[in-house]
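I set out to look up the nonpolar cores and the pockets of this model. My entries are kept in the order of the search.

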Amino acid sequence: MKILVLGDVVGELTLPFLRDRLWEQRRALGADLVIANGENVCDIHGISPRAAETLFAAGVDFITTGNHVFDRRDVQVFLNDSHSVIRPCNYPAVCPGEGSRVITAADGWRVLVVNVSGSVFMDALGDPFRAVENELERARRTYDVAVLDIHAEATSEKLALARHFDGRFAVIFGTHTHVPTADEQILPNGTGYITDVGMTGPIHSILGVNPTDVIEKMRTHMPRRFTVATGEIAAQGALFDIDPVVGKCTSVRRIKF
């Protein structure tokens, strides 16, 4: 089984790009399941029901999120109703949505997808280690393969979580920084890992944002509205080849198109 993971989708202008390119790419790569982080799809902050449905139509099977998941009010009911969009599992239980879901891949294998937010340089949510443990326990005996999206700022925290859960997930990948890392690897106990899969969005930008906005903010320290950059778009991510019988990863490579 092959799982294609796409880095943070930034801006609604990226949706037509994925609509035109993703189905072709997933066929060429032989991907059985496509997971994308969609928390920035509504022009940097948040995701809407309409944007989520557009991602599904474009070829995405499952959407993870992060610290901007609740930026838009219209997503709250949608999160409660959707079985293919999740929020970080270490948000308080009273928050809308779930921190994990089980989805059936095209070949019939049951895939548990868990989403967690880091605690270093991020919002003060619950302990990510304990939260992920709880999701694994809650889903016990309901899945064949497990996948974890760590939406975090600190590379050390992503690596610590990956090492702690090595062997219990077939795939662990990082999101949030919008910059891909070159450390794709298979950990000692069989988990495919990469610290950050990057960004799907405008490449002539600063993390998807118009460079002028970011530069002026940094130079003047004055409030500045960030806008999504325009121009050429690219998708960054990783392709994981999984042996679902044993729930381990056999190969991982970075993807860009």
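The entries below cover the cores, then the pockets.

I worked on a predicted model, in which local features need pLDDT of at least 70, side-chain atom pairs count only at pLDDT 80 or more, and totals for chains, interfaces and linings use all residues. Residues are numbered from 1 along each chain as its sequence is written, and side-chain values use heavy atoms, with hydrogens and water left out.

Entry 1, cores. I took a nonpolar core as a set of buried Ala, Val, Leu, Ile, Met, Phe, Trp, Tyr and Cys residues joined through side-chain atoms within 4.5 Å, buried being under 20% relative accessible area with a 1.4 Å probe, protein chains only. I found 32 residues in the largest one, where Leu4, Leu6, Leu18 and Leu22 have the most contacts inside it. At least two residues each come from β1 (2-6), α1 (14-29), β3 (33-37), α2 (49-58) and α3 (75-81); α1 gives the largest share, five residues. Helices (H or I, at least four residues) and strands (E, at least two) are DSSP runs, numbered from the N terminus. I noted another core apart from this one, with 23 residues, including Val113, Val147, Val171 and Cys249.

I listed its contacts (heavy atoms within 4.5 Å). Beyond neighbours within four places in sequence, Leu4 touches Leu22, Leu29, Ala31, Leu33, Val34, Ile35, Ala238, Leu239 and Ile255.

I used a 1 Å grid over the protein atoms alone, a pocket being an open set of points where a 1.4 Å probe fits, with protein on both sides within 12 Å along at least five of seven lines; lining residues have an atom within 4 Å of a point. The largest pocket is lined by 19 residues, with Ile44, His68, His176, His178 and Leu207 nearest its centre. The second largest pocket is lined by Cys42, Asp43, Ile44, His45, Arg225, Phe226, Thr227 and Val228.

Technical notes: Buried < 20%, exposed > 50% of the residue type's maximum accessible area, 1.4 Å probe, protein only.
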